[in-house]
Amino acid sequence: MAANRYIFLFKRLKRPVCSVSLRRNATFSVLLESPSRRPVSLLRSGGGGSAPLSWTRSISSGNSPRPPDTSLFVPVDIKTDFSEDGSVGAELTQPLDKSELLKVLNRFYKRKEIQKLASENGLDARLFHQAFISFRKYVLETETLAADLHIVLNDICCGAGHIDDIYPYFMRHAKQIFPMLDCMDDLRKISDLRVPANWYPEARSIQRKVVFHAGPTNSGKTYHAIQRYLEAKSGVYCGPLKLLAHEIFEKSNSAGVPCDLVTGEERIFVDPDGQQSGHVACTIEMCSVTTPYEVAVIDEIQMIRDPSRGWAWTRALLGLCAEEIHVCGEAAAINFVTELMYTTGEEVEVRNYERLTPFSLMDHALESLDNLQPGDCVVCFSKNDIYSISRQIEVRGLECAVIYGSLPPGTKLSQAKKFNDPSDPCKILVATDAIGMGLNLSIRRIIFNSLVKPSINEKGEKEMDTITTSQALQIAGRAGRFSSTFKEGEVTTMHRDDLPVLKEIMGRAVDPIETAGLHPTAEQIEMFAYHLPEATLSNLIDIFVSLSQVDGLYFVCNVDDFKFLADMIQHIPLNLRSRYVFCTAPINKKQPFVCTTFLKFARQFSRDEPLTFDWVCRHISWPPMPPKNIKDLAHLEAVHDVLDLYLWLSYRFMDMFPDANRVRDIQREMDEIIQVGVHNITRLIRASEAQSSESLPSTQLQTPPQVQRRLRGSQGRGQPPKDVSGSSTLGSRLVQEGRLTKDLLQQLRREWSEEQMHPARNEQTHSRTGGGKSRADKKKRK
């Protein structure tokens with residue numbers, strides 16, 4: 001029997017169970033591939049003693065990388081099949097006593113030397129505990145263990161082996177449930193982000209000239225960069241917003257310089273044959289880092305430190321293959337851009353600009369909306385404040401335009417045009433910080449309704465904090481623009497207590513930019529997935545960020561939105577590249593309708609079923625009714641975002657989203673319907689207030705004839721015609737027109753009910769009051 005045992009073990013141990021390197025002071029060798037049946041024990045230092053010595057991995061010289069966040073390591077379910085061994089282990093030895101085996105395993109777990117050795121081989125306390133629980137369950141619950149492990153455990157139980165002999169088998173099991181332990185060095189190399197400049201060999205192969213146009217808002221810095229862009233034989237403009245890209249696109253073509261437009265949702269080629277022009281205006285995420293240009297313009301460079309989108313500015317600055325790079329932005333970014341370009345061996349020429357028109361900080365707050373004047377802009381940082389302020393302005397008999405971030409670009413432009421038009425009675429603007437860039441507005445005075453703004457920090461956590469100096473200057477700079485009606489601007493606050501705070505904020509120097517954002521690419525995540533095929537995309541991203549190494553100039557951008565979408569579609573069968581593309585879609589995760597549609601898009605895509613125009617119309621219930629209240633308006637904004645999502649995906653998966661042109665047509669119509677809603681926003685607010693308190697039907701909005709005609713023409717495309725005429729009671733109309741208050745309406749209803757229940761008593765009351773009802777009727781007629 002002993003000879004058979006040795007022969008069997010020799011076959012089983014041909015491959016090493018665990019590779020380790022030994023310390024220099026070790027006096028014994030551990031030969032895991034030894035043909036002899038000598039117990040494999042841990043090394044001992046010196047000649048005596050029974051305490052085994054720790055095994056260690058040899059590590060390369062230099063600074064050791066930071067330890068990974070092992071809480072992100074998800075154990076993998078493993079299926080072990082030792083049916084070929086049968087019960088060889090039991091035949092060679094004897095069946096294992098489970099109770100004795102449990103004691104042995106617990107002693108193994110408590111040994112400090114084992115814990116230290118496991119830590120040196122990648123298992124920290126968390127992973128060691130998880131691996132042990134899994135290993136113990138496997139040993140105790142598996143009917144037939146691997147023969148070599150069975151024999152080792154039997155020897156230990158019988159006192160013929162050392163408890164440390166379990167370690168190689170424990171590590172084998174740990175690497176099966178945590179496969180990243182075997183490829184940690186490879187994963188670290190993939191996630192090494194310390195030299196991002198080397199990712200762009202085309203840009204590194206030329207010597208670029210970098211010009212920094214630095215100055216505050218309305219200083220002409222972008223104008224001078226664009227002039228050089230228009231003079232060049234070829235060029236690319238990279239802006240943070242679709243509105244800015246559209247503006248340069250129109251300005252370039254108006255100047256006789258053929259220019260294409262490329263955004264995430266739209267491609268416009270001015271050449272009739274679809275050939276690319278020498279110039280292109282694009283959103284910064286869409287710029288090409290392989291196409292050669294003579295001039296490239298990167299606008300709003302200070303956004304390179306943005307926690308979510310900063311990576312796009314980093315990519316453009318390091319990767320654009322242009323002879324001249326013209327960077328526009330705040331002076332606070334000069335030193336950082338200079339240092340960043342030092343790593344690429346490129347010098348930076350700085351051109352400073354001063355503001356063309358002055359603006360001053362007033363010495364008193366507005367305090368009341370009664371003090372509003374033509375050209376005023378009230379800045380709020382929440383949509384609810386927008387609604388509230390708009391309603392209060394309307395009560396005072398003034399008309400106001402409204403601009404906030406979730407409005408479609410066409411609606412924003414329409415509201416800006418309405419506010420800027422000298423012949424339009426609308427002289428007040430209520431807006432969020434969305435006016436900070438991308439819109440040309442004729443504002444005389446900026447009024448901060450609040451100085452507290454919600455934001456997302458680098459950890460993805462929502463914070464309520466006072467606006468920064470940079471944000472305050474960006475918004476305040478919209479007052480008194482050079483090309484506007486008002487050549488001098490003023491800035492103040494709504495509330496008296498906020499004014500000294502605003503003065504202190506604007507009196508500070510802008511915080512210098514110190515880091516630039518980075519983001520893992522699809523190729524890097526695919527390489528990660530090759531090593532960790534069982535991990536989810538969200539888990540891959542987590543592990544990548546945990547292992548990533550960046551130097552002091554960079555940080556890894558927040559990936560919470562990416563992970564949110566990855567978790568949402570994890571159960572849908574998609575290949576990794578398609579899944580990654582879906583998760584980079586720019587959607588607002590706070591909108592349930594958009595998230596639900598995103599999920600349906602992914603599910604339909606996974607079935608290889610094209611998402612046709614008719615399918616989209618059925619899903620969004622096209623054609624829509626004009627909004628009757630704020631809730632309806634918010635839903636239409638979400639539908640517009642859904643159509644944006646379709647167009648965005650159509651440029652990534654053209655075969656699966658084939659009807660982009662037809663979808664864009666109905667998106668334009670949707671924009672016009674939303675414009676109607678925003679034009680009547682105070683009526684929508686009143687309708688919402690009435691519905692929330694009285695559940696009253698809302699009034700019908702004044703829908704322009706052209707929109708009505710388009711709605712009638714669209715009815716055959718989607719669903720049956722809908723009744724767009726609202727019906728309302730006399731009471732509700734009087735409340736919404738401001739002729740009757742809600743309290744008075746309730747009182748009239750109570751009196752009417754009492755009159756129906758006690759007609760005789762009410763007749764006596766009327767006779768005593770001298771026919772109050774007839775006088776009320778006369779008053780109403782008047």
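Aspartate 148 and arginine 172 form a salt bridge, with their closest N and O atoms 3.8 Å apart. (A salt bridge here is a side-chain nitrogen of Lys or Arg within 4 Å of a carboxyl oxygen of Asp or Glu.) The pair links distant parts of the chain, 24 residues apart: aspartate 148 sits in helix α6 (residues 147-157) and arginine 172 in helix α7 (residues 167-177). Helices (H or I, at least four residues) and strands (E, at least two) are DSSP runs, numbered from the N terminus.

This is a predicted model, in which local features need pLDDT of at least 70 and side-chain atom pairs count only at pLDDT 80 or more, while totals for chains, interfaces and linings use all residues. Residues are numbered from 1 along each chain as its sequence is written, and side-chain values use heavy atoms, with hydrogens and water left out.

**How confident is the predictor?**

- The protein's mean pLDDT is 81, and 77% of its residues reach 70 or more; pLDDT is the predictor's confidence in each residue, from 0 to 100.
- Over residues 695-700 pLDDT stays under 50, and the model has 20 contacts beyond four places in sequence for this stretch. Contact means heavy atoms within 4.5 Å.

**Salt bridges**

- A search of the whole structure turns up 31 salt bridges.
- Back to the opening pair: aspartate 148 is buried, at a relative accessible area of 1%, while arginine 172 counts as partly exposed at 26%. Buried means under 20% relative accessible area, exposed over 50%, and partly exposed in between (1.4 Å probe, protein chains only).
- Aspartate 376 forms a salt bridge with arginine 445, and their closest N and O atoms are 2.6 Å apart. Aspartate 376 lies in strand β10 (residues 376-379) and arginine 445 in strand β13 (residues 445-448), so this pair ties together parts that are 69 residues apart in sequence. Both aspartate 376 and arginine 445 are buried.
- Glutamate 399 and lysine 418 make a salt bridge too, with the closest N and O atoms 2.6 Å apart. Glutamate 399 is in the loop between α14 (383-395) and β11 (400-403) and lysine 418 is in helix α15 (residues 409-420), so the pair ties together parts 19 residues apart in sequence.
- Glutamate 399 is partly exposed at 31% relative accessibility, whereas lysine 418 is buried at 11%.

- An open sheet is built from 6 strands in the order β9-β16-β13-β10-β12-β11, and the pairing is parallel. Two strands pair if DSSP finds at least two bridges between them.
- β9 (359-361) and β11 stand at the edges with a single partner strand each, so one side of each is left without a neighbour in the sheet.
- Neighbouring strands are turned by 20° against each other on average, direction ignored. For such angles, axes are lines fitted to C-alpha atoms, for helices over the stretch in contact, and angles run from 0 to 180 degrees between N-to-C directions.
- β11 pairs with strand β12 (residues 428-431) over 4 bridges, and cysteine 400 has isoleucine 428 in β12 as its bridge partner.
- Helix α16 (residues 469-476) lies across β9, β10, β13 and β16 (489-493), at about 140° to β13.
- Helix α17 (residues 498-507) lies across β9, β13 and β16, at about 125° to β16.

**Nonpolar cores**

- The largest nonpolar core has 163 residues, and those touching the most other members are Phe170, Ile301, Leu317, Ile569, Phe582, Phe601 and Phe657. A nonpolar core is a set of buried Ala, Val, Leu, Ile, Met, Phe, Trp, Tyr and Cys residues joined through side-chain atoms within 4.5 Å.
- The largest share of this core, 12 residues, comes from α24.
- Another core, of 27 residues, lies apart from it and includes Phe381, Ile435, Ala479 and Ile505.

- Tryptophan 622 and proline 623 are joined by a cis peptide bond, with omega about 0°.
- Proline 623 lies in the loop between α23 (613-620) and α24 (630-650).
- Glutamate 300 isn't a glycine, yet its phi is positive, near 55°; this residue is buried at 11% relative accessibility.
- Aspartate 608 isn't a glycine either and has a positive phi of about 60°, but aspartate 608 is exposed, at 60% relative accessibility.
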